[in-house]
Amino acid sequence: MSVSPDRPFSPPYQCRDCGSEVGFRSRRRTLTERFLLPLLLLQPVRCGECFRRDYRLIFTPVLKRLPEVPKVGPARQPAPPNRNVA
Ligand SMILES: [Zn+2]
């Protein structure tokens, strides 16, 4: 008769690889993901730690999608392989 109010239908996200609980909504890339996943009540989710892509129920609480490449700083900085050049 009593359903625990703080633990509704959907379990929280947890990465299967690294166990992180931080997941981000991911873009639906293929036709299969676009049309089939909603029918199965699934959504693509990307792990915030190891960036593994997985499918979760749409009820799973995840964060909004990250910007494409979350890198900060100069894109390329070729390090000199040998600093001891006399
Ligand atoms: Zn992970």
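The structure is a predicted model, in which local features need pLDDT of at least 70, side-chain atom pairs count only at pLDDT 80 or more, and totals for chains, interfaces and linings use all residues. Residues are numbered from 1 along each chain as its sequence is written.

**Overall layout**
- You will find one helix and three strands in the protein chain; helices (H or I, at least four residues) and strands (E, at least two) are DSSP runs, numbered from the N terminus.
- Read from the N terminus, the order of the elements is β-α-β-β.

**Burial and contacts**
- Of the 86 residues in the protein chain, 10% are buried (20 or more other C-beta atoms within 10 Å of a residue's own, with C-beta atoms placed from the backbone).
- Among contacts with a separation of 6 or more, 54% join residues 24 or more positions apart; a contact has C-beta atoms, placed from the backbone, within 7 Å.

**The helix**
- After α1 comes Leu41, which has a positive phi, near 60°.

**The sheet**
- The three strands make an open antiparallel sheet in the order β1-β2-β3, where pairing takes at least two DSSP bridges between two strands.
- At the edges sit β1 (23-25) and β3 (53-57), each pairing on one side only.
- Strand β2 (residues 42-47) joins β1 through three bridges in the antiparallel sense.
- Gly23 has Cys47 in β2 as its bridge partner.

How values were computed: Buried ≥ 20, exposed ≤ 12 C-beta atoms within 10 Å, placed from the backbone. Contact = placed C-beta atoms within 7 Å.
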